[in-house]
Structure formats: structure tokens, C-alpha cells
Amino acid sequence: MATVHLTKSEFLKKVSDYESNPQEWKFLGERPALIDFYASWCGPCKALAPILEEVSEEYDGKVDIYKIDVDEEPELAGLFGIRSVPTLIFAPMDGTPQMAQGALPKANLKQAIEQVLHP
């Protein structure tokens with residue numbers, strides 16, 4: 001499975017319905033997720049994109065990898081306080097999501113997936 005681009009309406013269904021439940025994070029996914037907040041003009045984001053595609057194949061059926069364009073979805077970027085791109089959100093099945101900024105090398109990305117998401 002390749003990375004999946006999310007709009008706000010898809011985020012509300014697949015990740016978290018923050019409009020219905022604004023006080024509490026409730027993850028709605030079927031499996032842990034990695035969410036890449038990116039911009040089309042961002043060099044490090046472009047460098048990270050093929051790595052995310054590789055990781056999505058390696059973790060197919062274990063971790064969902066989503067992409068959100070901060071220019072197209074400013075409300076979602078604001079919700080998470082995204083100030084720089086790329087920013088990655090690691091959303092485990094239970095517990096609080098964790099954030100990492102910058103384009104992580106593939107080895108670091110996989111290590112974070114194993115430690116935070118436990119696929």
C-alpha cells in the first residue's frame with residue numbers, strides 16, 4: 001500500500017474526529033499511523049517522500065502512512081501546531097501521538113515506528 005493523501009474530511013474518519021471530541025485524542029484507525037505534514041515546495045519533504053513510500057511497502061498491513069499538505073489543509077496543520085515541514089506524527093493505537101520534525105533518515109524512521117507504534 002502506498003502513502004495516502006488525506007483531506008480534512010478523511011482525517012476526521014480515519015484518524016481522529018476532533019470536531020466531535022475536541023477535548024480528547026481518540027484514534028480511529030484500524031492500525032497505527034504515521035502522518036507526514038508536508039508542503040509541495042519543501043525540499044526536505046521531497047527527499048522524505050520516496051523513503052515514506054518504501055516504508056509504507058515494508059509495513060504494509062501493519063502501519064498506515066498518511067500525507068497532509070499543509071497548504072491545502074491549514075486547519076489540520078494548525079490543530080497540531082505545525083510550524084515547520086516536514087513534521088511527522090506517530091499515532092499509536094493507544095496512547096498519545098508523538099511528533100518529530102525534519103526529514104528523518106530511513107533507519108531512524110523505522111526505529112521510531114518500532115518504538116512508538118509497535119507494529
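**β-α-β unit.** I began with β2, helix α2 (residues 43–58) and β3, and found that they make a right-handed β-α-β unit. I call a crossover right-handed if, with the strands pointing away from the viewer, the path from the first strand over the helix to the second runs clockwise. Helices (H or I, at least four residues) and strands (E, at least two) are DSSP runs, numbered from the N terminus.

**Ground rules.** I am working on a predicted model, where local features need pLDDT of at least 70, side-chain atom pairs count only at pLDDT 80 or more, and totals for chains, interfaces and linings use all residues. Residues are numbered from 1 along each chain as its sequence is written, and side-chain values use heavy atoms, leaving out hydrogens and water.

**Neighbours of β2.** I looked up the pairing next (two strands pair if DSSP finds at least two bridges between them). Six bridges link β2 to β3 (residues 64–69) in the parallel sense, and Tyr-38 has Asp-69 as its bridge partner in β3. With β4 (residues 87–91), β2 runs antiparallel over five bridges; here Leu-34 is partnered by Phe-90.

**Burial of β2.** I found six of the six residues of β2 (residues 33–38) buried, so the strand is largely enclosed by the rest of the structure. Buried means under 20% relative accessible area, exposed over 50%, partly exposed in between (1.4 Å probe, protein chains only). Ala-33, Ile-35 and Phe-37 point one way, while Leu-34, Asp-36 and Tyr-38 point the other.

**Disulfide.** I found one disulfide (a pair of cysteine sulfur atoms within 2.5 Å). Cys-42 and Cys-45 form it, with their sulfur atoms 2.4 Å apart, and both cysteines are buried. The torsion about their S-S bond is about 80 degrees, so I noted the disulfide as right-handed.
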